[in-house]
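Subject: Structure handover

Hello,

Here is the structure for your next look. My notes follow below it.

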Amino acid sequence: MSEPIKIDVWSDIACPWCFIGKRKFEGGVAAFQKDADAPEVIVEYHSYELAPDTPVDFEGSEIDFLATHKGMPAEQLRGMLEQVTGVAATVGLEYNFDILKHTNTVKAHQLLHYAKAQGIQLQAAERLFSAYFTEGRHLGRAEDLADLGAELGLDRADVLRALNEDEYLAAVRADQAQAQQFGINGVPFFVIDGKYGVSGAQDPDTFAQVLQQVRSERAEEISA
């Protein structure tokens, strides 16, 4: 049995391209693993905040936020969101920016670390992305995040305690510090086998090719 290939993913729950990138990455992994002898791929998500100064309860729409944050006219932003919604649809995702609740994501990142400790980080990442972009759920408050934790089968009371006590805040900050060391200044960002970086929501073929490259290099090292 060959050693698994580890993928470290830096992303933010509030990043529309991160959810799209997640789907495209999953497509690349599926293509790579069509070969029955392909090694296992292990994925770990890491924290990155695109707008850490965002208030928990932002008053206004996504367009209001972006107009303030990017200084762009509303009409131009509306077109951008329509474009992103269209791209999301091509990978089977439904984005509903009209009901999206823009918020600070530091607590959501803490929930991802809590879920990792319970062995269900990947399920938690999927649930949080869907809750944010499709369902319009609030992901900035501990109570709302504890509800989502309970939906994942986690102990709601303990999730709430961990979030209120910032139990995993240090882990979030460590991820962010590592991103800075790697020179990551945008997400999604995928670090493959600890040595290859793939930036952005690339096509599935790109991910499959990098995974195959890692596999080929390992084979060469063994035969050398």
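Which residues does Leu128 touch, not counting residues up to four places away in sequence? They are Ile13, Ala108, Leu111, Leu112, Leu139, Leu145 and Leu148. Bear in mind that this is a predicted model.

Leu128 also features in the core. The largest nonpolar core has 66 residues, and Ile7, Tyr95 and Leu128 have the most contacts inside it. Helix α5 (residues 121–133) supplies the largest share of this core, seven residues.

Next, the aromatics. Searching the whole structure gives 12 aromatic pairs. Phe19 and Phe129 are stacked, because their ring centres are 4.8 Å apart and their planes are at 10°. That pair links distant parts of the chain: Phe19 sits in helix α1 (residues 16–32), Phe129 in helix α5, 110 residues apart. Phe19 is buried at 1% relative accessible area. Phe129 is buried at 0%.

Phe97 and Phe133 form an edge-to-face pair, with ring centres 6.2 Å apart and planes at 80°. Phe97 is in the loop between α3 (74–90) and α4 (106–117), and Phe133 is in helix α5, so the pair ties together parts 36 residues apart in sequence. Phe97 counts as buried at 10% relative accessibility. Phe133 is buried too, at 1%. One aromatic cluster is formed by Phe19, Tyr95, Phe97, Phe129, Tyr132 and Phe133.

Last, a loop residue. Thr54 lies between β2 (41–47) and α2 (62–70). Thr54 counts as buried, at 4% relative accessibility. A polar atom of its side chain lies 2.7 Å from the backbone oxygen of Ala51. Not counting residues up to four places away in sequence, Thr54 touches Phe65, His102, Thr103 and Asn104.

Best wishes

Note on methods. Residues are numbered from 1 along each chain as its sequence is written. This is a predicted model: local features need pLDDT of at least 70, side-chain atom pairs count only at pLDDT 80 or more; totals for chains, interfaces and linings use all residues. Side-chain values use heavy atoms; hydrogens and water are left out. Helices (H or I, at least four residues) and strands (E, at least two) are DSSP runs, numbered from the N terminus. Buried means under 20% relative accessible area, exposed over 50%, partly exposed in between (1.4 Å probe, protein chains only). A polar contact is a pair of N or O atoms within 3.5 Å; within protein, one must be able to donate a hydrogen and the other to accept it, and residues adjacent in sequence count only if both atoms are side-chain atoms. Contact means heavy atoms within 4.5 Å. A nonpolar core is a set of buried Ala, Val, Leu, Ile, Met, Phe, Trp, Tyr and Cys residues joined through side-chain atoms within 4.5 Å. Rings of Phe, Tyr and Trp (its six-membered ring) pair if their centres lie within 6.5 Å; planes under 30 degrees apart count as stacked, over 60 as edge-to-face and the rest as tilted.
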